[in-house]
Amino acid sequence: MPPMPRTLAQKLWDSHVVETGDAGNEPDLLYVDLHLVHEVTSPQAFEGLRMTGRRVRRPDLTVATMDHNVPTRGGARAADELSRKQMEVLAENCEREGIPLHQIGSRRQGIVHIIGPELGLTQPGMVIVCGDSHTSTHGAFGALAFGIGTSEVELVLATQCLPQRRLGDLAVDVDGELPIGVTAKDIALGLIGRVGTSGGVGHLVEYRGSTVRALSMEGRMTLCNMSIEWGAKAGMVAPDDTTFKYVERRPHAPRGSAWEAALDYWRSLPTDVDATFDREIELDATRLSPFVTWGTNPGQVVPITGRVPSPASDTDERAMRYMDLRPGTAMADIAIDRVFIGSCTNARIEDLRAAARIIHGRHVHPKVRALVVPGSTTVKRAAEDEGLDLVFKAAGFEWRSAGCSMCLGMNPDILAPGERCASTSNRNFEGRQGAGGRTHLVSPPMAAAAAITGHLVDVRELF
Amino acid sequence: MEPVVRVSGRMAPLDRADVDTDQIIPKQFLKRIERTGYGPFLFYDWRRQPDFVLNRPEHQGAAVLVAGANFGCGSSREHAPWAIRDAGFRAVIAPSFGDIFRANSFKTGILAVSLPESQVRHLIDLASEDPTAVIEIDLEAQQVRGEGFVYRFEIDPFVRECLLNGLDEIGLVERHAAAISDYESKRMDWLPAIKS
């Protein structure tokens, strides 16, 4: 009998089962190939280990970075005592357990989901976890990657394993050529607008179709990054030549004969032709436009050519009040105060290039304060080598150092109450970028265009 | 962990959908390195609004938070269920939950119970009309009970067993040490590992 056709997700799952769960009770026990750690969700986990006399089982499969709290200017010293303490504690924990750490101020420091791929630590076929919901980013390489809580961080530190229940397989098929000015971010926002913020709960998502195949690794990372925003456990893209080309020759990529062996294996991972999914969603890329959120969750989104809709629920009404918007207002008439280009969603080199192309030779609107925060020190260096920093600075943008920054405002980069921001980040929740701040999620070119014009605007008008 | 068998008490109705973890506990309170003491920061920004439902005296001391669909969507911060626990709640009932929040709640000993929309609506209305109404969540029987109603709920059998017996999940996984070592010996040798 031929083997059962399987999806990419099923293959990733099967190859990591340490112990199959018994029928009704214990779930499968999955092995974790890479555990990424940062300063905010790990201190209590390390403390738990200490209190129970446990050690980190595989420090060689664990990598730490400082990202959430780090200042993006003024050197390596955090602005407040608590942030400083949290980073010190991470450094102590890593030192004691022999975990490699990319400290603030070091060459490779950056947002955890940006440095993993950069270092070649993120590879096809792996199971990757991190105490951060945007771990789904790594799925872009054909890995099973998802966020976990602090208790699970402790469990993985101690055992390198995680008990997990199998989930449904969901295919998102995106076909056709993306129109000019439409990016991977717009695929994600358009999708969430259609299926809602809980549309993917309980599923492992595979993004497929010609549009996804044509995306760069950066675009695929943006798309997978936003999987959690519609509730999916993980999002992934089957590995192909685009993936292999990105991984090849990175610091931790296999070399020589190991590279050939890895390639053979990675080519076996894509979903078999006859495999079936529990659910399928189809998206016509040719009909997408640049999207912008109007509300306080990523599902409250319309094309930039659209208007603030009539509220359909209490949630909509509350969001509209918080955002100080009225139904029928044209999105392009909404003035903004701030622009943030950054975050694990959209702060890779390609994102900065796309924004710089719009900004080149123009100037930030006098009423707008605009910020670029590269996703990693490596991205920052690459951008400076290309002269992108000069483009941004000449236009009046602030050019900062790497970190999560204004995506969640754990460092001093926050919105003042009432300020309105066009942001390339992933969440427009109330107060996310600062208490009382109002966030409109957009792509990097759309954020750049808003910075220039002083209001939300269709970037295609600036081409 | 302490076993969790039954939760009983009054309800606090939070009639909102898509309550995200940034609302449950804003980022500025994630800088602490302790596992407890998060109670004062629960719904921090909303509690600054005088008409916020949880500020009402009749809902103080409630044991069960009843909320709208997709409760706890957003980030992986376990500080969210820590804050709910530290503020005195022992359970959250909602039509659905964010996956990571639900998993984190169980690890914290908070019962995250899903009931159909219509039953949650009944509980929210009941708590609003009669804040003294008491319900009991019985994990063993998988029931939410109150005066005149019994609602059955489903829960992962492994999670249920861990909660009922107060099992240490790390200890449970460590029982598989031989299988873990065996798996490790067969992993492909090109997989990244970092010598420190």
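Two residues are in contact when their C-beta atoms, placed from the backbone, lie within 7 Å.

## Basis of the model

This is a predicted model, in which local features need pLDDT of at least 70 and side-chain atom pairs count only at pLDDT 80 or more, while totals for chains, interfaces and linings use all residues. Residues are numbered from 1 along each chain as its sequence is written, and chains are lettered from A and ligands numbered from 1 in the order in which they are written.

## Chain A as a whole

Among contacts in chain A between residues at least 6 apart in sequence, 75% link residues at least 24 apart. The chain has 15 helices and 19 strands; helices (H or I, at least four residues) and strands (E, at least two) are DSSP runs, numbered from the N terminus.

The C-alpha trace of chain A spans about 60 × 50 × 45 Å along its principal axes. Of the 463 residues in chain A, 61% are buried, that is, 20 or more other C-beta atoms, placed from the backbone, lie within 10 Å of the residue's own.

## A helix pair in chain A

Helix α12 (residues 349-359) of chain A packs against helix α15 (residues 444-453) of chain A at an angle of about 30°, and their axes are 8 Å apart. Axes are lines fitted to C-alpha atoms, for helices over the stretch in contact, and angles run from 0 to 180 degrees between N-to-C directions.

Residues A:D351, A:A354, A:A355, A:I358 and A:I359 of α12(A) meet a group in α15(A) that includes A:P444, A:A448 and A:I452. Ala, Val, Leu, Ile, Met, Phe, Trp, Tyr, Cys and Pro count as nonpolar, Asp, Glu, Lys and Arg as charged, and the others, Gly among them, as polar.

## Where the chains meet

In the interface, 66 residues of chain A are in contact with 49 residues of chain B. On the chain B side, α4(B) gives the most, with 5 residues. That side has 21 nonpolar, 10 polar and 18 charged residues.

## Strands of chain B

Strand β1 (residues 6-14) of chain B runs antiparallel to strand β5 (residues 134-138) of chain B, joined by 5 bridges. Here B:S8 stands opposite B:E136. With strand β2 (residues 64-67) of chain B, β1(B) pairs in the parallel sense over 4 bridges; strands pair if DSSP finds at least two bridges between them.

How values were computed:
Buried ≥ 20, exposed ≤ 12 C-beta atoms within 10 Å, placed from the backbone.
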